[in-house]
Amino acid sequence: MEKTTYNFKEVMSKPERLAPGHRMCAGCGGTIAVRTVLRALEEGDRAVIGNATGCLEVSSFMYPYTAYEDSYIHNAFENAGATLSGVETAYHVLKKKGKIQENFKFITFGGDGGTYDIGFQSLSGAMERGHDMVYVCYDNGAYMNTGTQRSSATPQYADTTTTPAGKVSAGKVQVRKDLAAIMAEHHIPYVGQSTFTSNFKDLYTKAQKAIYTPGAAFLNVMSPCPRGWGYESSEMMRICQLAIDTCYWPMFEVIEGRWILNYEPKNKLPIEEFLRPQRRFKHLFKKENEILIGQFQEEIDRRWEELRNKCN
Amino acid sequence: MAIRERLSGNEAVAYAIKQINPDVMPAFPITPSTEIPQYVANYIANGEIDTEFIHVESEHSAMSATIGASAAGARAITATSSCGMALMWEELYVAASNRLPIVLALVNRALSGPININADHSDSMGARDTGWIQIYAESNQEVYDNFIQAFPIAEDKRVHLPVMVCQDGFITSHGVENILLAEDIEVQKFVGGYEPEHYLLNASEKMAIGPYAVSNYYMETKRAQRQAMVNAREVILEVAARFEKMTGRKYSFFEEYQMEDAEYAVVIIGSAAGTCKAAIDEIRSTTGKKVGLIKIRVFRPFPEEEIAKALSKVKAVAIMDRSEMFAATSGPLGAEVRAALYQARMAPEVVNYFYGLGGRDITVSDFKTVYRNLETIAKTHIVTDMYEYIGLRREQKEV
């Protein structure tokens, strides 16, 4: 099912499965993640889309309107994994009993709050049980729906509304949780980490693999938030490129336990390049905080080496 | 032909599940309901049913997955107790507002703290406002019968609400009693196949479930739920009538025991009704005093008018709560029954007792004391304490 060649024009002209008219912000990375992942469904394949509570849910399914072209279920904040595992199990038993003939795919979306934090247990359970579903985290690095509070996906030193940079604070104290690695340690058939690249090939092909690999699959998609990160919405693609070129957000996949690095920058850029355009890191560029940027760089380098070792 | 057996309450529920053969059962172990998923897992392991079991990692996920399965178009059930139900709390509301006909086998157990594994009704009473139909049982036979009736009630188009089938932890869940089981084919005919109208996996109709509803829409969903709960009243009685035809066993919103001429009445829920009946038999045969009992079967929807009518001739009533609600005035049953009496412009003497919390025994002798107290109250018209505990370790205060 995975196409050997990637034709950008052809992929982009597939019918949208997230209809326009939803109420997400202009320049939101979340909807781009959803549209790209859903584009990877073969035309004619049916799907049930799940969704944790968050920006995406409250903006795409406001009664009496839904933006989804497929059947869709939202339940609560912390249980997108469990909810879709119930749907997927119902599918298997109803199929076994001859009550449905059609094939369905199961994809659920959650933000980093609903995935790394409050929905972590539900996600872990669903992945461990091996339901034939894809969990997609659109990771924008904070609880954006409630107004940019820190999550365990928030990068260190980010200025959020619950870790504000102040006279005696340099933002979030802790480093981010590596959720894709944790999901890989569940020994599920497919884990992918991606973001938006100029031709969207990386995310699209990973979504294809995730959807059409039998069993549980997890996709972690860095999905920038112009309001929470503090950059002009037109800058999103540049921010994504800087994230991968500084190795802040490595793109990799883990197929049946085999780690594969999908992108290695020719010239690894210093982390300042990624931090500087974002308001949430503005305080790091004060004279007295230079040392923190150095520490940030050390953490990036350490993780990048660790990842490269896994991928060798 | 009915089958004579000896089963515990948990075995009886599991046996009913086997007969009904539901599509999906997500469940997480918790004492004293653990045996139910264990028995079901055994039926599955031996190919006796084709239910899919989901080994969820918590009760929150158990109810979440049950909701997912039900929304997808499957007949979905789960079982839990106490803290397990408390962990589901958020999801109980979602199940009801999504109008999913889920059946939950609840084995009543006290909520923490302190942690305690024995029977009281704090778990289900805590969930009384979630929008679920609640049906309680005195005996293993009633648990079995209620569980079978739960599906046609929940799935009726006039209702479409989840049903909680409650029994007292250990007292009935683990106590083995003689029981009459209906034949598989009879149960299957009674419950019928599950043919939902709207569901996620319907190939001919897409649907979306679980919207964000702003103030312009939220209130109507609640009003619609209330209507379903009102409709449930007639459906519960219709299903009971159909069940009586099948088994000869009669059910209603509550059971009246020796109420025809009763002057002193107890209103109670669950297994302690059996002990109360023993006290009634003894009092009536030794003293001829007119004592009776109302045993609530259906707590949601609450049969307000019917209860007031059943109490219309009594001089004094003891409403017995097996859970606290810390209103510092009454318990949940106490509040509902007193409201029913007020609405009916009736004013018998009323006292609200608390008993059996965390599995504390209540004895025939305790009930005899209750009836003695009612007699005194009826004579003196003095209720010294409206809000009294029975069977406390400290010297019991005279009422």
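**Packing, pairing and contacts in a two-chain predicted model**

The buried residues of helix α7 of chain B are covered by elements including α1 (9–20), α6 (140–155) and α8 (215–247) of chain B. Helices (H or I, at least four residues) and strands (E, at least two) are DSSP runs, numbered from the N terminus. The structure is a predicted model, in which local features need pLDDT of at least 70 and side-chain atom pairs count only at pLDDT 80 or more, whereas totals for chains, interfaces and linings use all residues. Residues are numbered from 1 along each chain as its sequence is written, while chains are lettered from A and ligands numbered from 1 in the order in which they are written.

Helix α7(B) spans residues 184–191, and B:Val187, B:Phe190 and B:Val191 are buried in it. A residue is termed buried if 20 or more other C-beta atoms lie within 10 Å of its own, exposed if 12 or fewer, and partly exposed in between, with C-beta atoms placed from the backbone. Viewed down the axis of α7(B), the buried residues fall within an arc of 90°, so they line one face of the helix; the arc is that of the directions from the helix axis to the C-beta atoms. B:Ile185 and B:Lys189, on the other side of α7(B), are exposed. The helix is followed by B:Gly192, whose phi is positive, near 80°. B:Asn216, located in α8(B), is exposed, with 9 other C-beta atoms within 10 Å.

In chain A, strand β10 (residues 217–222) has six of its six residues buried. Both faces are covered, with A:Ala217, A:Leu219 and A:Val221 on one side and A:Phe218, A:Asn220 and A:Met222 on the other. Strands are taken to pair if DSSP finds at least two bridges between them. β10(A) pairs in the parallel sense with β6(A) (residues 134–139) over six bridges, A:Tyr135 having A:Phe218 as its bridge partner. A parallel pairing over five bridges links β10(A) to β9(A) (residues 190–194), where A:Ser194 stands opposite A:Val221. Together with helix α8(A) (residues 201–212), β9(A) and β10(A) make a right-handed β-α-β unit; right-handed denotes that, with the strands pointing away from the viewer, the path from the first strand over the helix to the second runs clockwise.

Chain B is assigned domain 1 (3–247) and domain 2 (254–389), the bounds coming from an automatic or database domain assignment. The C-alpha centres of these two domains lie 28 Å apart. Their contact takes 25 residues from domain 1 and 21 residues from domain 2. On the domain 1 side, α8(B) gives the most, with five residues.

Between the chains, 38 residues of chain A are in contact with 38 residues of chain B. α4(A) gives the most to the side of chain A that touches chain B, with 13 residues.

The largest nonpolar core holds 224 residues, of which A:Val87, A:Val136, B:Val163, B:Val165 and B:Val267 touch the most other members. Both domains of chain B give residues to this core, so it lies between them. A nonpolar core is a set of buried Ala, Val, Leu, Ile, Met, Phe, Trp, Tyr and Cys residues joined through C-beta atoms within 7 Å. Residues touched by A:Val87 include A:Phe106, B:Ala69 and B:Leu200, not counting residues up to four places away in sequence.

Note on methods
Contact = placed C-beta atoms within 7 Å.
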